[in-house]
There are 2 protein chains.
Amino acid sequence: MKKALQITALLGAVALLATPVAAKKIKWKLAETWPSTLTPLASPPAKVAALVSEMTNGEFVIKVEGKEKHKAPLGILDMVKGGQYKMGHSGSYYWKGKDINTVWFTSMPFGMTPSEQYSWFYYGNGMKYMAEVYDKFGIYNFPGGNTGNQMGGWFRKEINSVDDLKGLKMRIPGLAGEVMAKLGVNVTNIPGGELYTSLDRGTIDALEWVGPGMDIKMGFHKVAPYYYTGWHEPASEMQFMVNKKAFDKLPKNYQTILVTAMKAAAMDMYIENFATSVDAWEKMKTDFPNIKVKSYPKPVLKAMKSAADDVYAKYADANPKFKEIHADYMGYMKKARAWSMMMQYGYLDLNKKLAE
Amino acid sequence: MKKALQITALLGAVALLATPVAAKKIKWKLAETWPSTLTPLASPPAKVAALVSEMTNGEFVIKVEGKEKHKAPLGILDMVKGGQYKMGHSGSYYWKGKDINTVWFTSMPFGMTPSEQYSWFYYGNGMKYMAEVYDKFGIYNFPGGNTGNQMGGWFRKEINSVDDLKGLKMRIPGLAGEVMAKLGVNVTNIPGGELYTSLDRGTIDALEWVGPGMDIKMGFHKVAPYYYTGWHEPASEMQFMVNKKAFDKLPKNYQTILVTAMKAAAMDMYIENFATSVDAWEKMKTDFPNIKVKSYPKPVLKAMKSAADDVYAKYADANPKFKEIHADYMGYMKKARAWSMMMQYGYLDLNKKLAE
């Protein structure tokens with residue numbers, strides 16, 4: 001009787017102690033829109049996979065599959081929603097055909113800078129809206145790395161007036177594409193891998209991609225040497241999507257591990273893209289002196305700004321949630337910009353003037 | 001006999017299964033320079049403690065002690081070196097009396113912006129130099145959250161010329177204090193908690209603290225309403241210090257958990273300080289219309305820049321490692337600034353001109 005009690009007690013202890021060890025190894029797959037070699041866009045998923053595995057001693061493993069494997073760069077949302085992949089890494093504005101309000105979480109024409117946008121995400125209503133918009137897909141959405149202000153794109157010829165834009169065939173995604181369309185541009189979206197060939201063969205006359213860190217190695221400057229400054233994607237944030245059911249089933253500590261890894265990886269991508277752009281920008285001057293860096297003339301920018309306002313107004317009229325987020329976003333940007341002008345612009349301007 | 005074997009087998013199973021559970025719980029203490037309520041400076045240590053505990057299911061616990069507890073706000077480095085505290089959170093430039101080269105990891109007068117500095121840390125030689133400089137203290141040093149460009153400070157009276165600075169008693173730490181001293185300012189360093197009283201009683205005539213998010217709640221504007229724009233700390237990075245022996249003894253997964261938590265918490269602090277500054281900056285206009293935001297006249301800035309160059313040259317002459325880091329830092333800043341001007345300044349400038 002005494003012995004039986006001891007055994008029962010031991011069995012109880014075994015059951016209790018076994019829990020953490022016996023927990024089944026968790027194996028997830030993540031699909032990304034990019035080829036797995038396309039850094040820095042492909043860096044955050046690779047980093048999250050490495051960090052999560054290290055932090056869990058290999059008990060929670062995420063296998064990253066690039067578009068070379070799954071062949072569906074613009075099918076990521078559906079695949080995460082369906083659960084074939086528990087996670088995705090992409091750009092929220094690619095889903096504007098499913099819900100126009102996904103565009104708010106990448107970057108907006110004439111919109112917020114990275115500091116302003118992160119501030120809106122975490123201390124304004126950004127993350128709240130993000131959760132609302134992605135709820136219907138059964139997906140948790142998280143910031144996934146920022147490119148900073150993107151360059152306006154590569155053109156074969158100089159743009160001196162709005163007329164020069166008319167009839168131009170250009171690759172430019174998101175709302176910015178709609179802005180350009182209003183100015184008479186024939187807008188197309190072409191996957192990254194086919195861009196150089198399309199530009200070289202004249203399928204398109206112009207394109208925007210990211211910035212010097214990513215653009216130069218694509219070779220666009222060889223066929224389209226006019227490199228315009230940016231207005232259309234001042235703070236493009238990539239996205240991590242996580243299937244809700246899968247996330248909710250994770251042990252609490254793994255949830256925190258995953259969320260923390262995503263945040264650290266997002267920050268790293270911003271720095272990586274900044275650093276590679278710094279080097280590419282410097283190299284441009286010496287190695288590619290044929291590149292002509294240009295800003296659009298003010299009348300062209302004014303036309304773009306006015307067209308952007310029209311595009312915003314069109315969607316706000318048609319979609320009450322768009323109207324709500326638009327008002328919130330613009331209100332936040334206005335007050336945040338006043339501080340950006342003091343804190344960031346002011347400092348760079350002071351140093352610029354001292355150097356003059 | 002059979003029963004005895006079963007028990008032995010069970011005891012064996014218990015021993016095997018118990019290992020992860022029986023692993024000794026790790027309890028560390030972290031000392032911070034700030035009162036534990038002084039957000040956002042006190043936010044990163046609190047966040048790291050919470051994240052690490054969550055990620056390890058409470059098996060690795062860090063107890064954060066603010067200066068109200070340990071009473072040694074400027075003794076953190078020694079306490080982490082000695083091992084009384086396994087971690088610290090402070091500002092690297094507070095240790096310039098121990099090694100002048102600690103100043104490179106906070107922020108430099110007329111130096112890099114946050115993006116430039118993070119880029120130098122992670123993709124230039126910044127982290128390498130950080131490791132070298134902190135090695136002799138037996139400490140691993142990590143970025144611990146950035147304030148962004150700080151405001152130049154609160155003054156009782158307007159500064160119209162270099163002469164107006166002469167004889168002024170001002171609280172301004174780091175190399176910036178030495179720059180001000182060269183222009184005739186009587187420089188003192190006073191702990192944060194005593195600043196308001198010192199200013200109110202006339203012990204000092206002026207001070208710099210951080211920016212609107214932190215300054216307004218300190219009440220400085222009540223006695224010194226001239227609020228000058230910044231030049232002296234464009235990207236102040238806080239620091240996490242970790243005792244090397246303690247870190248090296250951690251299981252590998254806990255090392256990754258700690259480093260990842262520190263990185264995520266550092267990013268969060270930058271955003272928190274930006275967001276609180278956005279709100280405070282807006283509130284200033286309505287609630288505190290007596291505050292007069294000013295920029296130093298160009299001749300004053302030129303004198304500051306020239307004095308800063310002299311301070312850099314003085315230390316470079318005296319200290320070969322300072323000379324090496326100085327050359328590397330300035331070289332990196334030069335190329336990074338070209339990209340900042342295009343990417344950040346260019347975008348803000350474009351929008352500024354469109355609004356005119």
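**Exercise 1.** Determine which residues of H13(A) meet which residues of H11(B), and classify the contact.

*Solution.* Step 1: a contact requires C-beta atoms, placed from the backbone, within 7 Å. On the H13(A) side the residues are A:Lys335, A:Ala336, A:Ala338, A:Trp339 and A:Met342; in H11(B) they meet B:Ser277, B:Val278, B:Trp281 and B:Glu282. Step 2: by class, this contact has six nonpolar, one polar and two charged residues (Ala, Val, Leu, Ile, Met, Phe, Trp, Tyr, Cys and Pro count as nonpolar; Asp, Glu, Lys and Arg as charged; the others, Gly among them, as polar).

The model is predicted: local features need pLDDT of at least 70 and side-chain atom pairs 80 or more, whereas totals for chains, interfaces and linings use all residues. Residues are numbered from 1 along each chain as its sequence is written, and chains are lettered from A and ligands numbered from 1 in the order in which they are written.

**Exercise 2.** Describe the packing geometry of H13(A) and H11(B).

*Solution.* Step 1: helices are DSSP runs of H or I with at least four residues, strands runs of E with at least two, numbered from the N terminus.

**Exercise 3.** Identify how S4(B) and S10(B) pair.

*Solution.* S4(B) and S10 (residues 237-243) pair in the antiparallel sense over six bridges; pairing requires at least two DSSP bridges. B:Asn141 stands opposite B:Met241 in S10(B).

Terms used: Axes are lines fitted to C-alpha atoms, for helices over the stretch in contact, and angles run from 0 to 180 degrees between N-to-C directions. Two residues are in contact if their C-beta atoms, placed from the backbone, lie within 7 Å.
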